[in-house]
Structure formats: C-alpha cells, structure tokens
Amino acid sequence: METPNLDWGNLPFGYVKADYNVRCTYKDGKWGEIEVSDSEYVPLHIAASCLHYGQESFEGLKAFRGPDGKVRVFRMDENAKRFIRSAEGISMQPMPVELFEEMVRKVVKLNERFIPPYESGASLYIRPLEIGTSPKIGVSPSEEYMVIMLVTPVGPYFKAGFRPTKVCLSRDYDRVAPKGTGSIKIGGNYAASLNAGQKAHDLGYAVMLYLDPKEKAYLDECGAANFYGIKGNTYVTPASETILPSITNKSLRQLARDMGMEVEERHIPYEELSEFDEVGNCGTAAVCTPIGQIDDIDNGRTFSFDMNEAGPVTTKLYNKLRGIQYGTEPDTHNWCEVIEFDR
Ligand code: PLP
Ligand code: COI
C-alpha cells in the first residue's frame, strides 16, 4: 500500500482526493446495496430536488490512527442518529443507523492509506451527505435519495490550531430562524451563514458568534461550532433550539462531569460574557478551541480572555478528548469503535 505524498503535519482543514467514496441509493421504497466509486462526481438530474429546493443534509465525523496503530472512529452512532433527525427535518428518507455505520466502516477501510499517522496530529474526516435526487419542479419531497460518504485527511480547523482565536458578535446576522432548522445539519443553514462568516473574516476574526434569533439576548451558535464558557468549576453551554446539538459538546460535558465539574445547559445572557474565566467553541472540526477575545462589532465592546494560551480547563478537556480519540486515554464511555482491517 503506497503512502500518499502528503505533508501530514501541515494539512489544512480542506479537501484532498482520497481513493474511494461509497454511495447508497433509496429507490422504490428501499435502500440498495452499498456501492464503491472512485469518481469525485455524481450524476444528477437537472431538476433534482437537492439542486432546487435544498433537500440536502450532511454529517462530519473523524477516524484517528493511534500510536498503537489502531484506527478509531469516534461516536458514529451519534452521527447516525443526528443524520436521521436531519433527514426527517427536511422530509427526506432517513437512513437506518446500521447502514450508516456499515458505510462508515467501509469508506474508512477503503481509504486506509489516507488515515494520517499519529505523530501528525491530523485525522481522517468522514463526510456523509444525503441528497434528494428525484426531478421536482413543484415544491414537494423527492421519492429517491442518495447517501454519499467521502473522506479527506484534515489538520486543524483554525489555522492557528489549539491557540486562542478572536471572534466577533453582531446582531445583524441570523444563521437560522427561531423555529427553523438550526438544530439539524442541513446545507441550507451553512449557505445562510456564509455572509456572516465572510464579514467576520473580512474584519480579521475567525468566526461570528450569533445571538439567539428571537430575542437577541442569549449566546447561540459560534460559527460552525457550539459555544461554551468556564466559570470556576462549572462548564456552561447554551440550551437553545437554534443550535446544532454537538456531539463534541455532549462529550465535553461528560468529561467535565468526570472531572468533578458542574455542568449547566441553559440560556446564557450576553452580559454574562464578562463573567467567564475561559470561553471556547467546540465541534468535530474545531475539537475545542479557546477564544481569546470577543468583539461586539455593533457597539465596539470587547470581552477579553487570554489571547496567549488556552486556559487550564480547556487544555485539560482537549487533552482528555484527544487522548480518548487516539487511544492514549482509557475510553471509559465506549465512544470509539476500532476498525478491523481485513488483512
Ligand atoms: N454547530 C454547527 C453549526 C456545526 O456545523 C457543528 C459541526 O458539526 C457543530 C455545532 C459541532 O457538532 P459536532 O461536535 O457534532 O461536530
Ligand atoms: C464539523 O465540525 O464536522 C463541521 O461540520 C463543521 C464545518 C466544517 C461545517
């Protein structure tokens, strides 16, 4: 097996062509066999519902190569369940958990040579997506669907890696509507966030921190990640209908409890930003990344944290989570599945 000529230690969070992707179609009321493809393209009808009416959802999860040589996939059952919720949220056919997991195992095995070496600190990002493929001009759900899983080796989501980032906050942008699709992972939410993200980048910030779209009073989603704050011995994160229930956040809450911390999931008023010892954002891509400064660009107010290095709690949580993912810390909650390669 030839190793790809990649600079493993300096991979960005981006797309690299791997060897294969896997696909499965839903047709005539049932899911078909898993198909393997080496093409980066999908044949689509020009009137496919995904192209016109946004019937598209996706997931993001990772496989890690440990120092013991084993490859672990993190909490794929959780991604499978969220994939079902996303499908149901936009009237698509949900894929059964077992089939989702089978596709993940298959795509990881088929692309073994693209799983980064342990020392690089990189991982294999797995991107499942579902699209409605039936031709539709009237606005109605597709009858046929395709699930595709592709993989790409990735480095850190934020250029600086595990270093404090600067984020901005503005009331001029909403990612989603109050009773909308914020709690599911559909492409449309990300399209709706692009202008805000671009605005943040243009001003020199990593991402936009949103306030809740209804009252503009509480902290909500943080770019494409969840927000958390540390106050003394307490881990606080927003309870909100408009954020995506992050699997990373769920894991960090458990790790925080394991460390004897209190965990609060509740509304976080904007003013409380000045009371946190540490703040950060978390997600599969972001892991947990410290935030060093939050600028409210509507009124010039700044909330300052440590811009030099990650705080002690964020560091502890980060090390624990990464340790479990790479197999250097005991996986006491059985979060990882070790992939068995057929030799
Ligand atoms: N929020 C948004 C909008 C996201 O895109 C993601 C990434 O998946 C997350 C939160 C974090 O979720 P997870 O930890 O499950 O990756
Ligand atoms: C993830 O963390 O998996 C995400 O989906 C974030 C972003 C790359 C969309």
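Domain bounds are taken from an automatic or database domain assignment. The model is predicted, with local features requiring pLDDT of at least 70 and side-chain atom pairs pLDDT 80 or more, while totals for chains, interfaces and linings use all residues. Residues are numbered from 1 along each chain as its sequence is written, chains are lettered from A and ligands numbered from 1 in the order in which they are written, and side-chain values use heavy atoms, without hydrogens and water.

**View 1. The two domains of the protein chain.** The chain is divided into domain 1 (8-154) and domain 2 (165-326). The C-alpha centres of domain 1 and domain 2 lie 25 Å apart. In contact (heavy atoms within 4.5 Å) are 27 residues of domain 1 and 20 residues of domain 2.

**View 2. The shell around ligand 2.** Ligand 2 is surrounded by F13, F58, G60, Y125, R127, Y157, K185, Y190, A224, T284 and A285, where a residue is near a molecule if one of its heavy atoms lies within 4 Å of it. Each of domain 1 (8-154) and domain 2 (165-326) supplies at least three residues of this shell.

**View 3. Polar atoms beside ligand 2.** An oxygen atom of ligand 2 lies 2.7 Å from a side-chain N or O atom of Y125. For K185, the distance from a ligand 2 oxygen atom to a side-chain N or O atom is 2.7 Å. A polar backbone atom of T284 is 3.4 Å from an oxygen atom of ligand 2. Such polar contacts are pairs of N or O atoms within 3.5 Å.

Key: Polar contact = N/O pair within 3.5 Å; in protein donor to acceptor, adjacent residues only side chain to side chain.
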